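Here is a short briefing on one protein chain. Please keep the structure open while reading.

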Amino acid sequence: MLKKHYLCPPKFLRMNITKHEIDSLNAEIKIAVAPADYEGKVNEAIKKVQRQASLPGFRPGKVPTGLIKKQYGTQILVDEMNKLLQDTIYKYIEENNLEILGNPLPKDQTPVDFEKQKEFEFVYEIGLAPKFNLQLDKSHSFNYKTVKIDDALVEKYIKDVRKNYGKPVNPEVSGEKDVLFVDINELDENNTIKAGGIFKSTSVSFERLTNEKAKAKILGLKKDDKLVIDINELYETALDKSVSLGIDKEVAENIQCNLQLTVKNIARLDEADLDQELFDKVYGAGNIKTEEEFREKIKSELALMFKADSERFLKTEVEKNLVESLKLQLPDSFLKRWLKVVNEKPITEEELEKDYPNYTKAMQWRLIENKIIKDNEIKVSNDEAIEEAKLFIRSEYAKYGQQPDEAEVDKIAKDLLSREKEAQRIFENLYSKKVLELVKLNCTLTANEVSYDDFFKNN
């Protein structure tokens, strides 16, 4: 199939090009090609091959033109014709401001005889974007859901922070938050250690246990204590047995026995104290001096973090609402044929029909978003793209609790924008942000503050 090439088209296009509209979404472009349209390019290509050709009996570059034509002429004609058609059809589309979907598809027609024909005619099918109007105003209403940053949520976040910066200790008696390091021996029917049976040094976490009997039995154990327990109480599945005890899965599926656990050590991670040491670890030395400042800092961070979630929710809401209300018609038959052509792997009719609805929704939104961008003359500058790249880089470092040097941020940002796919992602993200800001400015937003659990329940 034809792929779009951003090449300079021929300066003089003599070909006769006509467009036949089948309906508002489908059309055909017919290109009539005469010898005068392609002979010059073909002769240039033959001379280039002649200069590079090396055949027995001839000096390099001295192979007769007639022999080159005989041996390579048809393939050269095909190659040059394809280049000419690509340049011609896309220049025609551009000059006539045709908004196409996908790429032009060659229409099935009488086979071309490149060896005998001088005059050629090629027909391409094109899918056209639907025409529609969209006015962003107060008649469009969207739900703007936000997370309520209450004391309970702040406390939950603080608890997570204290746990992440917790201090490891070794208590004398096991509790509900502990991990026991144990030696495990397989017992025989008399509950004595089985000769040649299973032996494994491993760990048992109270929080990961699902069996209530097992939980009750490991509470209150001390170092060097021994506990006899049914293997099925300790491990829920054959896979658990296999991984933890180091035995084959087939054996694990059938084994029935008691195990003896000998406690070798007990470990616990105590939550960090809510003091200056914790404040300095989380936010840097001296930046936060009181518990009140610490809570306010966390509250502001949560608000910023959940604002991004609210924006994503709103974007989804806007997309769904506008796609459903506009109900844009697409050239479905053409797009299905095109998808089968461009798909890297063969796709069945069943797979195509299954995935097509999601594909059309995505395409409809792209058309709507592009319409908003065009009608409102939204632009994204290089400076904005650089700042967006820097923001992304800082957020990636922040995930690991790091603050990168600004010189390093500048370097990475430039590298990101030098890569075509990364640059495209950054620009597209900025356009989407600006479209959303326009929606928020012009449309009706219904504020809906909900709890953390309710916000993420259906998101």
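Which residue of S4 is the bridge partner of Ile100? The partner is Leu128. The model is predicted.

**Whole chain**

- The protein chain has 15 helices and 11 strands.
- Its radius of gyration is 35 Å, well over the 23 Å that the globule rule gives for 459 residues, so the chain is more spread out than a compact globule.
- The C-alpha trace spans about 95 × 65 × 45 Å along its principal axes.
- Buried residues make up 36% of the 459 in the protein chain.
- Among contacts with a separation of 6 or more, 71% join residues 24 or more positions apart.

**The four-stranded sheet**

- Four strands build an open sheet, and their order is S1-S2-S4-S3.
- The pairing in this sheet is antiparallel.
- Strand S1 (16-23) and strand S3 (100-106) are the edge strands, and each pairs on one side only.
- Neighbouring strands are turned against each other by 20° on average, with direction ignored.
- In a regular strand, side chains alternate between the two faces of the sheet.

**Strand pairs, taken in sheet order**

- S1 and S2 form a hairpin, with two residues between them.
- Seven bridges link S1 and S2 in the antiparallel sense.
- Within S2, Ala32 is the residue opposite Asn16.
- S2 and S4 also pair in the antiparallel sense, over eight bridges.
- Here Val33 stands opposite Phe120 of S4.
- S3 and strand S4 (residues 120-128) share four bridges, again in the antiparallel sense.
- The bridge of Ile100 to Leu128 in S4 answers the opening question.

**Cover over the sheet**

- What lies across S1, S2, S3 and S4? Helix H2 (residues 65-95) does.
- H2 runs at about 130° to strand S2 (26-33).
- S2 is mostly covered, with six of its eight residues buried.

**Helix pair H13 and H14**

- How do helix H13 (residues 406-418) and helix H14 (residues 420-442) cross, and at what angle? Their axes come within 5 Å and cross at roughly 100°.
- Angles of 65 to 115 degrees count as roughly perpendicular, so H13 is roughly perpendicular to H14.
- On the H13 side, the contact is made by Leu416, Leu417 and Ser418.
- On the H14 side, Glu420, Glu422, Ala423 and Ile426 take part.
- By type, the residues of this contact are four nonpolar, one polar and two charged.

**Loop residue Asp275**

- Where is Asp275? This residue lies in the loop between strand S10 (258-270) and helix H8 (276-283).
- Asp275 has a relative accessible area of 27%. Buried means under 20% and exposed means over 50%, so Asp275 is partly exposed.
- Thr290 is 15 residues from Asp275 along the chain, and their C-alpha atoms are separated by 8.0 Å.

Definitions and conventions: Residues numbered from 1 in each chain as written. Predicted model: local features only at pLDDT ≥ 70, side-chain atom pairs only at ≥ 80, totals over all residues. Heavy atoms only, no water. Axes fitted to C-alpha atoms, helices over the stretch in contact; angles between N-to-C directions. Parallel < 35°, antiparallel > 145°, perpendicular 65-115°, else oblique. Contact = heavy atoms within 4.5 Å. Nonpolar A, V, L, I, M, F, W, Y, C, P; charged D, E, K, R; others polar. Buried < 20%, exposed > 50% of the residue type's maximum accessible area, 1.4 Å probe, protein only. Pairing = 2+ DSSP bridges. Rg over C-alpha atoms; globule rule 2.2 N^0.38 Å.
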